[in-house]
Amino acid sequence: MGRKVLICRHFLCYSIGRCSSYTVYKAEVYPALYRSRYRSCGWRAWRHRSHCIWLSPQVPESDHRMLPVLLVLGAVLVAVLLFILHRVRTDGAWALWWHDNHLEKLKDFLSGTSRPVRILHHVQKVAQYGDAQSVLSAVDSYCSKIEWAMNVGDLKGQILDAVVLETRPHYVLELGTYCGYSTVRIARLLPPGARLFSIEMNPQYAQVAREIIQHAGLDAKVDILVGCTSDLIPQLKKKLDIEKFDFVFIDHWKVSYLRDTKLLEECDLLRPGSVLLADNVTCPGAPDYLHYMRTSPRYESQYFPSRLEYLQVEDGMEKSVTPERP
Ligand code: 72W
Ligand code: MG
């Protein structure tokens, strides 16, 4: 904001004062503030006001009038940012838009790494080696405080834990490893001798997952298979010498849930009593999968309402069991 110059031509004074142009502008618009422009130049200015002249400001008057406009624009901008922040924390679509379209790309660009690698570094820094629980806590604290990521999270993780404990599976299949968070969650609860195979198509994520699983001390129970589910599922029987899976955790791209479940059926990898648990059936949602599981006579299906990982957004998991013949 520019300043106005006041020159007092009283023969005893001849002083020069300066006053903010905005104060002068206000004083002109609100005569009640008339004194304030002199006061801001010192008491003498008001006493000698009849001898004073104001020199025009260096900045044009129109610039002063911009201030209220700028303040309103600033307030609108802050309001818009607060609105976006609120939507991002409470609405799945907004969260997706913000976290996956903008924040992740920006951080990847700035750090030259990927989100899973940053999660791994955090785990290696704070989690105790060989302690699965501390690995899970490290991932959860990083993803709730620093950078959201699509791990199943602690709330839905407790549903996953309960289903694993109840099923006590020997052979487990996971579709979509990502960073290996749910892999660690499942593997830590498996009975001795049980094995978990997890399919991940991104080799970099698969490597991160291997290191996280190793940090949790669970690498002896887990195999990460790198490739596409549609390529690997038909090879599982021959390659791994597995008859059937007791438990399948489905958490890869949501559009692939139904196709891969049908593929598991075709490849005869499910037995009566096998349990399928699917993440994110509400958010982002897998409507074709849900419809199939809930209407097919092959399955008894049950919905577990919960919240999306690290956010206050509705989500849930669907547990489907092939009924055992009496
Ligand atoms: C893929 C998701 C995918 C990655 C992982 C969640 C092998 C959410 C979500 C979510 C790997 C495959 C992907 C195939 N590996 N993968 C594969 N398809 O699996 C999103 C939200 C929350 N074969 O998209 O490389 N998961 C998982 C995000 C919700 O590692 O699981 O819990 C929101 C933002 C709201 F705002 C996909 C078959 C081709
Ligand atoms: Mg998920």
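I call a residue buried under 20% relative accessible area, exposed over 50%, and partly exposed in between (1.4 Å probe, protein chains only). The model is predicted, so local features need pLDDT of at least 70 and side-chain atom pairs pLDDT 80 or more, while totals for chains, interfaces and linings use all residues. Residues are numbered from 1 along each chain as its sequence is written, and side-chain values use heavy atoms, without hydrogens and water.

**R37.** I found R37 in helix 2, residues 34-39. Helices here are DSSP runs of H or I with at least four residues, numbered from the N terminus. Is R37 buried or exposed? R37 is buried, because its relative accessible area is 10%. Contact means heavy atoms within 4.5 Å. Beyond four places in sequence, R37 contacts C19, T23, V24, A27, E28 and W54.

**D260.** I then looked up D260, in helix 13 (residues 257-266). Its relative accessible area is 0%, so D260 is buried. I noted L175, T229, S230, I233 and H252 as its contacts, leaving out residues up to four places away in sequence.

**Helices 6 and 7.** Which residues of helix 6 meet helix 7? I listed R118, I119, H122, V123 and V126 in helix 6, against V135, A138, V139, S141, Y142 and C143 in helix 7.

Definitions and conventions. Chains lettered and ligands numbered in written order. Helix = DSSP H or I, 4+ residues; strand = E, 2+ residues; numbered from the N terminus.
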